[in-house]
Amino acid sequence: MPLSTPTVARTPQHVRQVNFRSYERADGLWDIEGELLDTKAIDLPRPNGEGIRKAGDPIHHMRIRVTVNTQLVVQAIEAAMEAHPVQGCPGALEAMQRMVGCSMARGWRKSIDANLAGVAGCTHMRELLQNMATAAFQSIVSAFNTAPDQPPAYLGRCTGWSFNGPAVTQYYPQFVGWLLPDGKGTPQPPVATENT
């Protein structure tokens, strides 16, 4: 169902477009690519007072390609800034290499914070990286294969895949009633109760 039609007049201001694409490579690795593009919907004076930024001109246009293996460990990373608002932004590109060897499957956000926090990195590149893991999860199904007696990793992690919901009942009835303590960690089977 779409959003409701606005009932108050509105003027567009800012447009952010984020895209992710994944590619299975002939060498057994995977490329996950992310792109972020920020534009203004109206002409605005530049912050330094030097002219006007025209509507549609890129403020941020950034791309990242992360190459991972089937266990989601980063093998290589490439980043580019086609447009950036200030001169110093490209200085963040070199630090991106610190992500090689990190795992998208475990501790990805912590690795981003440890390697690219603050002035070592770029806010927009960090944002792209954080969400690239989700694109990888959607692409590399084999990374989440579990033993037959264990639920797939995505069960119990959102409303749609609640252990007590209709999707689990339909597709994974053997895991109905399992528990995920505090919404993270390892799922546990329901505690059996004795009949008295």
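Rings of Phe, Tyr and Trp, the last represented by its six-membered ring, are taken to pair if their centres lie within 6.5 Å. Under this criterion the structure, which is a predicted model, holds six aromatic pairs. In the pair formed by Y154 and W161, the ring centres are 5.2 Å apart and the planes stand at 65 degrees, so the arrangement is edge-to-face, because planes over 60 degrees apart are placed in that class. Y172 and F175 form a further aromatic pair, with 6.5 Å from centre to centre and 40 degrees between the planes, and this pair is tilted. Ring pairs link Y154, W161, Y171, Y172, F175 and W178 into a cluster.

W161 is placed in the loop between α2 (123–139) and α3 (166–171). When residues up to four places away in sequence are not counted, W161 touches Y154, L155, G156, A167, V168, Y171 and Y172, and of these Y154, Y171 and Y172 are also named in the aromatic cluster. The C-alpha atoms of W161 and R106 are separated by 20 Å, the two residues being 55 apart along the chain.

With regard to the overall fold, the secondary structure of the protein comprises three helices and six strands, and these elements follow one another from the N terminus in the order β-β-β-β-β-β-α-α-α. The radius of gyration of the protein is 22 Å, which is well over the 16 Å that the globule rule gives for 196 residues, so the protein is more spread out than a compact globule. Taken along the principal axes, the box filled by the C-alpha atoms comes to roughly 80 × 50 × 35 Å. Of the 196 residues, 32% are buried, and the protein exposes about 12,600 Å², of which carbon and sulfur atoms supply 53%. Among contacts between residues at least 6 apart in sequence, 46% join residues that are at least 24 apart.

Two residues of the loop between β5 and β6 were considered in turn. Residues up to four places away in sequence being left out, N69 touches L29, Q75 and I140. N69 and S103, which are 34 residues apart in sequence, have a C-alpha to C-alpha distance of 9.6 Å. L72 lies in the loop between β5 and β6 as well, and its phi angle is near 70 degrees, a positive value in a residue other than glycine. At 0% relative accessibility, L72 counts as buried.

Within the helical part of the chain, L129 is found in helix α2 and is buried, with a relative accessible area of 0%. Leaving aside neighbours within four places in sequence, L129 is in contact with I64, V66, I77, M96, M99, W108, I112 and L116. The C-alpha atoms of L129 and A192, although these residues are 63 apart along the chain, are separated by 42 Å.

The segment after α3 contains K184, which counts as exposed because its relative accessibility is 59%, exposed being defined as over 50%. The C-alpha atoms of K184 and R157 are separated by 7.5 Å, the two residues being 27 apart along the chain.

Methods: Residues numbered from 1 in each chain as written. Predicted model: local features only at pLDDT ≥ 70, side-chain atom pairs only at ≥ 80, totals over all residues. Heavy atoms only, no water. Helix = DSSP H or I, 4+ residues; strand = E, 2+ residues; numbered from the N terminus. Rg over C-alpha atoms; globule rule 2.2 N^0.38 Å. Buried < 20%, exposed > 50% of the residue type's maximum accessible area, 1.4 Å probe, protein only. Contact = heavy atoms within 4.5 Å. Areas by Shrake-Rupley, 256 points an atom, 1.4 Å probe, with all protein chains shown as cover. Phe/Tyr/Trp six-rings, centres within 6.5 Å; stacked < 30°, edge-to-face > 60°.
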